[in-house]
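Please open the structure in the viewer and keep the selection tool at hand.

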Amino acid sequence: MNLDAFKTFSTYKKPEIKKEEVWSYTRVSSKEQYDRNGSLEIQQDKAKEYVDANGYLIAHEFGGTYESAKADFTRKEFSNMINEIRKAKKKPLAILIYKMSRFSRSGSGGIAVVHELVDKLGVHLIETSTGLSTLNIRDKNTLLGKLVDAEKENIERLEITVPGMRNFLRKGKWLGKAPLGYDHYGPRVKDFSKYAREQELRINDQGRLLQKAWKWKLEGMRDFQIIQQLKVLGLTISKQAMSDVWRKPFYCGVIAHRMLEGDIILGDWEPLVSREDFLRVQKTLANNNVGYKVSFINENRPLTGFVVCACCGNKLTSYEVKKKGLHYYTCQNKCDGSTMNAQTTLKSKQEGLNDSFSEFLSMYELNDNIEQLFRKQLSYTISVFNTDSSDMKKRLEIEISKENEKKESLEQKYLFDGLQKSVYEKYLSEINKKLNDLEVELQRVGEKISNQDNVIDKCVYVAKNISKHWRSSNVNDKLMVQNLVFPSGLLINPKNRRYLTKKVNAVFSEIPALSRDLKGQKKDAPDKKSDASSMVAGTRLERAAFGL
């Protein structure tokens, strides 16, 4: 008797065979490749072809854009992929890549990433163009060798261009982006309207304003006045950028590039100032502050650069009268009453700024009466702080982006501007180290403070003894205390020497408020919870507290 008719009554179901999950990563090095050569499509098609042939399933795709592979964690898509793998509870069998050079060109850095993925996380690499895989120990060794070859290929490619860059300089041409005040025309410009067969640097509207600035400087006008005048005319420039203008030989038509190995070449562009006037300004800069020694970090003058004159907005500088052994703070603009003694002596007519600052700091010192209220407020503040780290994350991402731009600029100088290999490698190493540090910090941003009680205890200890810490510490610790309590510095009225707060750390700003509230409340009054959005002014609370 045929029993097939009874199969409909069976509850058996054939088990479904699930495909092994893999992730894919694709990239090209430049926007030009991204726009024109179709390499990304080839990489993506090869990945799909591989999974179809081997029964895999692509669960996530990363990349799909242009990112330089000379460093690993400077690439946003690459970093996202590695971070996702680290966090994933269910990790993929492997990452599909077209070629190892698409994965990394950093040599030892790429090898370290491969070891972490394969040996620590159990995630393999599969090169779809060859079928090589770290699942096989011999293939793994071959793939690691390819990473070294990719880095070597990059270095050799750069070495070919150095002699050409040196010759370019000796012809009076400028390497890299034209400085402020000039427009750059030539064969390698992003703006097509500025394309030209030969390089030409032309003075623009900003340059004509800078010519006025050079004239004012030669007439003896101070930098802050020049900056104000330029702003009125439509050019906003920082003090640091203004200082950089005075010290850049470019503006008098001179090239003093390190690749010239000490030789000086006349540039092929119209200068903003004559060479004679440029040297006159250098002499003026060298003769500034004759008769006393300016110090930005001195044990006796810790408020230098931290306190700002309320009359003109300039930071206080400082000096020592060596014959008398006396230290002074002074305003750069020489406002009325701007020269102020740093220490109080028997002959002092007024209290020294160091002592008056210590007294001012004691206003933010915690006393026993409000300790419990402070602890409750601090606990609430920490809770709020832990819920949102998006601002810090954005700042870190901006910093990472800036470092990436520096790296690209460094590579351009090495490729096209004649930067020496030793110099290139030195600064590349520094940038890579900073990028790695920023990446580590970025990963920590989302973490919550786990030892909250310990942090509160340390904050209470610091808050109870803040002025004592400042008086008894060395200059570096003094600076740390100052910046911890007043993250944006302080203003001072030079006439009456009264301190004015610009911004107070949220932890310490609660202390005077809690003291006032306590005076006006009954013993068992309800707790008051204030806004904690300005918590620690961008500094991690635990780090600031532990440093004291």
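This is a predicted model: local features need pLDDT of at least 70, side-chain atom pairs count only at pLDDT 80 or more; totals for chains, interfaces and linings use all residues.

Select helix H8 (residues 223–232) together with helix H9 (residues 239–246). Their axes lie 10 Å apart, and the two helices pack at an angle of about 105°. H8 and H9 are therefore roughly perpendicular to each other. Now display the side chains: on H8, Asp223, Ile226, Ile227 and Leu230 make contact with Lys239, Met242 and Trp246 on H9.

The axes of H7 and H9 cross at roughly 80° and come within 11 Å. H7 is therefore roughly perpendicular to H9. Here H7 contributes Leu210, Ala213, Trp214 and Lys217 to the contact, while H9 contributes Met242, Val245 and Trp246.

Next, select serine 338. This residue is found in the loop between strand E11 (326–331) and strand E12 (340–341). Is serine 338 buried or exposed? Its relative accessibility is 4%, so serine 338 counts as buried. Leaving aside residues up to four places away in sequence, serine 338 touches Tyr329, Thr330, Cys331 and Pro494.

Finally, move to leucine 3, in the segment before strand E1 (20–28). Leucine 3 has 54% relative accessibility and therefore counts as exposed.

Technical notes. Residues are numbered from 1 along each chain as its sequence is written. Side-chain values use heavy atoms; hydrogens and water are left out. Helices (H or I, at least four residues) and strands (E, at least two) are DSSP runs, numbered from the N terminus. Buried means under 20% relative accessible area, exposed over 50%, partly exposed in between (1.4 Å probe, protein chains only). Axes are lines fitted to C-alpha atoms, for helices over the stretch in contact, and angles run from 0 to 180 degrees between N-to-C directions. Angles under 35 degrees count as roughly parallel, over 145 as roughly antiparallel, 65 to 115 as roughly perpendicular and the rest as oblique. Contact means heavy atoms within 4.5 Å.
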